[in-house]
Structures are given as structure tokens and as C-alpha cells.
Amino acid sequence: MTLAASARAAARPSAGWRWAAAGAAAGLLGCAVVASGVSRALEASRPDLAVQVLATPGALGRLAQRELAAGRPQQARALAARALAQAPLDVRALRVYALSLPAGEARRRDAVMAFAGERSWRDSDTQLWLLQARLAAGDAAGAMRHADALLRRLVKSREPIFQLLVPLAAHPRGAEAIAERLAARPNWRPAYLAYLSRQAADPALASAMLKRLAALGAGPTDEELQPLLSRIVRDGQAPQAARVLQDFRPAPPPDLLRDGGFEGAPAVAPFAWSLRTAAGLDINIADRAGGGRALQVDYDGYGRATSARQLLVLPPGAWRLSGEMLSGSPDVERLSWRVSCAGAGRTSLGEVAARPTGEAWQAFSVDFTVPAGADCAAQWISLVGAPGARRTSISALFDSLAIARIGNVEQAEP
Ligand SMILES: [Ca+2]
């Protein structure tokens, strides 16, 4: 017996016909689910059949939707009207009815869609249509109500909606409407801010949005700030990124090394220590005997590795890197601190090798000059491992790193 024949047989009028139909369909579908579940499954997979045997609003609505998608608006409207006669608030039927109205009835269509949207914030198709309609009408606040409803639910497919919102962010009223939503910290906020930072043609759009949020008392977290800084650095504008960071995290002195004492002072990547553990290299921030914390490195002296680094934006001029270290390892010279230009040339500006210190901490320093020019507008300070011929065991602690100007400041300025 085919599914259709079975359903027709089961559809004989009787007190329990719905149950019978459901039972027959359940047998055919080979699944032992409850009757209402089968009704829903039938509605979803064969709304044409479900209309014959069940005639539920759900089945009528689905069939109406199918007809509309197939380019038969009159049939769609008739089926939607049947569904609405039984269930006047069925959102799918409302939406299909509205969208199958002839072009001359745009006002009625809009009114029914708005009603459907208010009825259910969970119907994505309705919310998306309303979002686009509000955007087309220039109603930023209205658009954001629907965008918010969609984005809170569509965790995995937010990008197309973020894309719709990029032009909105470029207009003052649009940006204001977006910021109002973001200020409530919805679940889509970090993803949206990261998208805007990475994808907008001009990163100033994201920067302006973060400033709006700060003005609303809902400024960016470090995680929300980081994609914007990385974007600006990637665009080759590291000093600009440092200024943006300074706007949001005022911390004197702004341009120098951050958290040189490894005490966990607030910092946002890439203007923060980035520690990289590799084969033969273990690095972490550890407690220091006598109080405070320090950078601890264990290195086998064999792999080539950059273990810790931070982006700097030192203006041109003469500088001194200083710090203190502790190591009893004879081969510790294989570790050195280096300052180099962040531009394509990666020109090394200065380097100081570690040295065995015995039991006591010892100071170290190296002087270097930052040249003028775009290639050296930003610099990396890094702890690098220079591999030797044989493995060894190197253990060292570094602390109190600082960078300060030396020489005549007047002359050093560009
Ligand atoms: Ca320290």
C-alpha cells in the first residue's frame, strides 16, 4: 500500500480518524513516534498529503508556502486563507498570505507582515523580510528590532545579516540604532563587532561604534577591542592602532612597553605579551621568589623559536631596552632579546644575549635607534632562541623590562 493509499484509507471519517491516520503513517514511516509528532512529520515532508488527511493549519500553511515558492500566488493565498480560517494567528500562514497578495496591495501586505512579525519573533523568514523592508524604508530602529530578533536565534548563520547592517553602521541614525541594541550586550555583540572590525572597508566604522558604546556606558571588552587593533595593524597602521588603544585604555606611558614587569597589567593584543610554547620551549609567567612575577623560560637550545613578543610603536630616535635576569645555565646565551622593525624588512635594531648570572639577579640593557620611515613605524620586541648544534638545558627568568629614551630628545624627534 502506498503512503497516499494508506492515508486515504486511514482518513475514513470516524471519531478517532486523526489517530488512525497518524498510526498508519507511523507504520509507513517506520518510526514509533507519538501521533502529534507524526502529524508534524507528515506536514513537513508531504504537506499536500497532510492537507488531504489532516487539513491542519500547519499542513495548509506549508503547502501554501510551497505554492508560493513555485510561483503560484493565487493557490498559495487560497491555502493560506484556509489555514487562517482555522488558526487566525498562524504566523507562516499570515506570512504566505501577505506575500501572495497582488502588487497593488502593498500596504495590506506590509500591515499583515508587521502583524505576523509581532505575533512571533521566532519566525526567521518573517523577521528577515521585515528587516529588509525596514532597511529599505530607512527605519533604522525598526530594522534593528528585527535584526536583533534574528541574530539572537541564528547563532550559526549571522554573517548575511551582519553584511546587511554594515551600510547601516555608516549612517549616524543607523549607528545609533545598532549601538542601542549592542549596549544591552546581546549574545551576538562580540561576533558583530569582530565582523565590523574585519570586514568594513574602513576600520573607522568599528572604531566609531566602540566609541558610541563607551558613551552609552557599554564600552568594549579587551576581546572586543582586539579584532579592531589587529585589523589596523594588518592595514600597516600600527601607530594608529596604538592611538585607538590609548583612547579606550588610557595608560601612561602610551607608546612604550606594556607590562614589562609581567605582573598582569591590562593590555590588549598585539600591544601585549604574546607567549608561544613550542617543541623544546616552555614559557610562562611564574611567581618570583621574594614577591611579584617574572617571565620563566625553559629551552632545549635546539629549536628555532620566538617565545615571547609584543608590538611597540616607538617614535624615531635613540632608545634603551633594560631589564633584569636570573639564570644558572651556561648555554643561556642562546636566548636573546631583540628589537626589530615590524615592516616587511624586519630590520633588527638591537639585540642583547642573555648570560649566566649565578645566584643573583643581574641587570642587562641594549641601546638601539629607531629610524624614521613607514617600515619602522612599529617594532617587535621578542625573546628569540638561537639554536646550537646540540641539545642542552636552559632555564632563565626575566623581569622588569623597560624601554626609555636616551640622548637628546630634541634631536631624536623627527
Ligand atoms: Ca615582576
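Tutor: The buried residues of helix H6 pack against helix H5 (57-69) and H7. This is a predicted model. The residues of H6 that count as buried are Ala 76, Arg 77, Leu 79, Ala 80, Ala 83 and Leu 84.

H7 leads on to helix H8. Helix H7 (91-99) is one of the elements against which the buried residues of H8 pack, together with helix H9 (124-136) and helix H10 (140-153). Helix H8 takes in residues 106-119, again 14 residues, and reaches 20 Å between its end C-alpha atoms, close to the 20 Å expected at 1.5 Å a residue. Its buried residues are Met 113, Ala 116 and Gly 117. Viewed down the axis of H8, these buried residues fall within an arc of 100°, so they line one face of the helix. On the face of H8 turned away from that buried side are the exposed residues Arg 107, Ala 111 and Glu 118.

Helix H13 (residues 189-199) and helix H15 (residues 222-234) pack with their axes 8 Å apart and at an angle of about 10°. The angle makes H13 roughly parallel to H15. On the H13 side the contact is made by Pro 190, Leu 193, Ala 194, Ser 197 and Arg 198. On the H15 side it is made by Glu 223, Glu 224, Pro 227, Leu 228 and Arg 231.

The loop between helix H16 (238-248) and strand E1 (274-275) contains Pro 270. The peptide bond joining Ala 269 and Pro 270 is cis, with omega about 5°. Phe 262 is found in the loop between H16 and E1 as well. Phi of Phe 262 is near 55°, a positive value in a residue other than glycine. Is Phe 262 buried or exposed? It counts as buried because it has 23 C-beta neighbours inside 10 Å, where the cut-off for burial is 20 or more.

Next come the strands. Five of them form an open sheet in the order E2-E3-E10-E5-E8, with antiparallel pairing. Strand E2 (281-287) and strand E8 (362-370) are at the edges with a single partner strand each, so one side of each has no neighbour in the sheet. From one strand to the next, the twist averages 30°. Within the sheet, strand E3 (residues 293-299) and strand E10 (residues 394-405) run antiparallel and are joined by five bridges. Val 297 has Ala 396 of E10 as its bridge partner.

Arg 288 lies in the loop between E2 and E3. With 19 other C-beta atoms within 10 Å, Arg 288 is partly exposed. Apart from neighbours within four places in sequence, it is in contact with Arg 293, Ala 294, Leu 397 and Asp 399.

Strand E6 is mostly covered, with six of its seven residues buried. It is joined by seven bridges to strand E9 (residues 379-385), and the two run antiparallel. In this pairing Val 339 stands opposite Ile 381 in E9. E6 and E7 are likewise antiparallel, joined by five bridges. Here Ser 336 has Ala 353 of E7 as its bridge partner.

The hairpin of E6 and E7 has six residues between the strands. Arg 346 is in the loop between strand E6 (335-341) and strand E7 (348-353). Its phi is positive, about 50°, although Arg 346 is not a glycine. Arg 346 is exposed because it has 11 other C-beta atoms within 10 Å, and a residue counts as exposed at 12 or fewer. Phe 262, by contrast, has a positive phi and is buried.

Definitions and conventions. Residues are numbered from 1 along each chain as its sequence is written. This is a predicted model: local features need pLDDT of at least 70, side-chain atom pairs count only at pLDDT 80 or more; totals for chains, interfaces and linings use all residues. Helices (H or I, at least four residues) and strands (E, at least two) are DSSP runs, numbered from the N terminus. The expected span of a helix is 1.5 Å times one less than its number of residues. The arc is that of the directions from the helix axis to the C-beta atoms. Two residues are in contact if their C-beta atoms, placed from the backbone, lie within 7 Å. Two strands pair if DSSP finds at least two bridges between them. Axes are lines fitted to C-alpha atoms, for helices over the stretch in contact, and angles run from 0 to 180 degrees between N-to-C directions. Angles under 35 degrees count as roughly parallel, over 145 as roughly antiparallel, 65 to 115 as roughly perpendicular and the rest as oblique.
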